[in-house]
Amino acid sequence: MTRRVTVLGSTGSVGTSTLDILGHAQAGGEGVEIIALTANDNAAALAEQALKWRPGVAVIRREDRHEELKSRLAGSGIETAAGEAAVVEAAGRPADWVMSAIVGVAGLRPTLAAARTGATIALANKESIVCAGPLLLGVVKAAGGDLVPVDSEHSAIFQSLGGLSARKAAKLVLTSSGGPFRTWTRQQMSGVTPEQAVSHPNFSMGAKISVDSAQMMNKGLEIIEAAYLFDTPETRIEVLVHPQQIIHSMVEMLDGSSIAQLGPPDMRGPIVCAWSWPERLSWPAPPLDLAAIGSLTFHAPNTEQFPALGLARESLRIGGGAPAAMNAANEAAVAAFLDRRIGFLEIAAIVSETLETMGRSGELKSIEALEAAFAVHERALEVAGHLIEGARAGRVKAKGG
Ligand SMILES: NC(=O)c1ccc[n+]([C@@H]2O[C@H](COP(=O)([O-])OP(=O)(O)OC[C@H]3O[C@@H](n4cnc5c(N)ncnc54)[C@H](OP(=O)(O)O)[C@@H]3O)[C@@H](O)[C@H]2O)c1
């Protein structure tokens, strides 16, 4: 059987790993027809992928890159398109399996468009579910599709549950590497540069998720993702620091038995799982040599050192638009940090103040429609933007004085 496949965010870290796996599946005799590949601005990489995979359409979000894409694909007969609406249109073309690997809330509309077709959604884009989890899951259900998590922790929980409802679990335990600053003091972290923050100890990932991981906001987003995906209150979701990242997460059942999923720290593992689910595909993963690893260690996270974990729990407790606001403020603050406009520790401070400001003015009400989720997102970007400018002014003044 040939499966029709779309890869949203095909030029990114998860997107390129996905195409690797599709290539392996094809070499093993599986039929793969690429419906659409999409990127933001990397026309060169998208064109190279398109020439190899011959998709129905190759879409670049930035319209000013369309000419470059067209000229690179000239004479190939491959359809091209550009712009945000074109990404959504391509995502909504009939497909059997869609990898959602755009970074940030920019992935939400395309993921929803794909979900409406009833395709199986392999979800890497955690910001979509954080911003509009109940809406997205509702669309998947209404269209009769499936959603398979790709985030390694959620894939581990999904695999550990083995089809059981998470209601049968006493606890979901999300493991975390602790990030590159696990052993640093707050004072040491105050001088972290973007270069230091993007170098993750075990995974090579996109810049935004690397910074999220370094401040443990990634784990905060994952608490929210787990709460929505597995319909579990945050009080039953625990975080455990496990620097070796061999146990990708686990489930403690009501009978006291814990079931964990283990594997080498390689994102291709959960992507293969999402591709082959409900079967298991053979994949040449490096063997898991526990004897060579010797010991696995664990400790509780330091929530004072990493306030992002508490912020995520608080936003779930507030409910309504709070997770969407938290996510938007974080996107704005991470971008400002990567641009060297604010310091590393200011990211969580800006997220916290955004939640407080919007909470005080009653702007975190429940989200019943997509437009309400985007309204909260936009408003949080605005509030965080003011706070970022304020933080910059404060720093410039402090330096000047
Ligand atoms: N990397 C990991 O190990 C990992 C693990 C778990 C979950 N995730 C999640 O998976 C998602 C992707 O992560 P990543 O590390 O693969 O990110 P990445 O390397 O930065 O790739 C992002 C992809 O999205 C495209 N893109 C960026 N902005 C866009 C926009 N506004 N509209 C349309 N497309 C856009 C990029 O295109 P260009 O190449 O043209 O910029 C690229 O194809 C994130 O939500 C992340 O949290 C990643």
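Me: What kind of unit do E6, helix H6 and E7 make?

Reply: This is a predicted model. In it, E6, helix H6 (residues 126-143) and E7 make a β-α-β unit, and the unit is right-handed.

Me: How many bridges join strand E6 to strand E7, and in which sense do the two strands run?

Reply: Look at residues 120-123 for strand E6 and at residues 146-149 for strand E7. Four bridges join them, and they run parallel.

Me: Where do E6 and E7 sit in the strand order of their sheet?

Reply: Read the sheet strand by strand. The order is E4-E3-E2-E1-E5-E6-E7. This is an open sheet of seven strands, with parallel pairing.

Me: Why is one side of E4 and of E7 left without a neighbour in the sheet?

Reply: Strand E4 (79-82) and E7 stand at the edges, and each has a single partner strand, so one side of each has no neighbour in the sheet.

Me: Which strand is joined to E4, and by how many bridges?

Reply: Strand E3 (residues 57-60) is joined to E4 by four bridges, and the two run parallel. Within this pair, Val57 faces Glu79 in E4.

Me: What is the strand order in the open sheet of four strands?

Reply: Here the order is E9-E8-E10-E11, and the pairing is mixed. Strand E9 (237-241) and strand E11 (258-262) are the edge strands, each pairing on one side only. On average, neighbouring strands of this sheet are turned by 20 degrees against each other, direction ignored.

Me: In which sense do E8 and E9 pair, and over how many bridges?

Reply: Strand E8 (residues 169-176) pairs with E9 in the parallel sense, over five bridges. Start from Leu174 to see one of these links: its bridge partner in E9 is Val239.

Me: Now the ligand. How many residues surround the ligand, and which are the closest?

Reply: There are 24 residues around the ligand. The closest are Thr11, Asp41, Asn42, Glu127 and Asp151. By type, the shell divides into ten nonpolar, nine polar and five charged residues.

Me: Which distances separate oxygen atoms of the ligand from Asn42, Glu127 and Gly206?

Reply: Take them one at a time. A polar backbone atom of Asn42 is 2.8 Å from an oxygen atom of the ligand. For Glu127 the side chain is involved: one of its N or O atoms is 2.6 Å from a ligand oxygen atom. With Gly206 it is the backbone again, where an N or O atom lies 3.0 Å from an oxygen atom of the ligand.

Me: How much of the ligand's accessible area does the protein cover?

Reply: On its own, the ligand has 910 Å² of accessible area, and the protein covers 87% of this. Two elements give two or more residues to the shell: helix H1 (13-27) and H6. H6 is also the helix of the β-α-β unit with E6 and E7.

Me: What is the general idea behind checking phi and peptide bonds?

Reply: Most residues other than glycine have a negative phi, and most peptide bonds are trans. Now the cases here. Ser249 has a positive phi, near 160 degrees. Ser249 belongs to strand E10 (residues 247-253).

Me: Which two residues does a cis peptide bond join?

Reply: The cis bond joins Trp277 and Pro278, with omega about 5 degrees. Pro278 is placed in the loop between helix H12 (268-276) and helix H13 (290-293).

Methods: Residues are numbered from 1 along each chain as its sequence is written. This is a predicted model: local features need pLDDT of at least 70, side-chain atom pairs count only at pLDDT 80 or more; totals for chains, interfaces and linings use all residues. Side-chain values use heavy atoms; hydrogens and water are left out. Two strands pair if DSSP finds at least two bridges between them. A crossover is right-handed if, with the strands pointing away from the viewer, the path from the first strand over the helix to the second runs clockwise. A residue is near a molecule or strand if one of its heavy atoms lies within 4 Å of it. A polar contact is a pair of N or O atoms within 3.5 Å; within protein, one must be able to donate a hydrogen and the other to accept it, and residues adjacent in sequence count only if both atoms are side-chain atoms. Accessible areas come from the Shrake-Rupley method with a 1.4 Å probe; for residues, only the protein chains shown count as cover. Ala, Val, Leu, Ile, Met, Phe, Trp, Tyr, Cys and Pro count as nonpolar, Asp, Glu, Lys and Arg as charged, and the others, Gly among them, as polar. Axes are lines fitted to C-alpha atoms, for helices over the stretch in contact, and angles run from 0 to 180 degrees between N-to-C directions.
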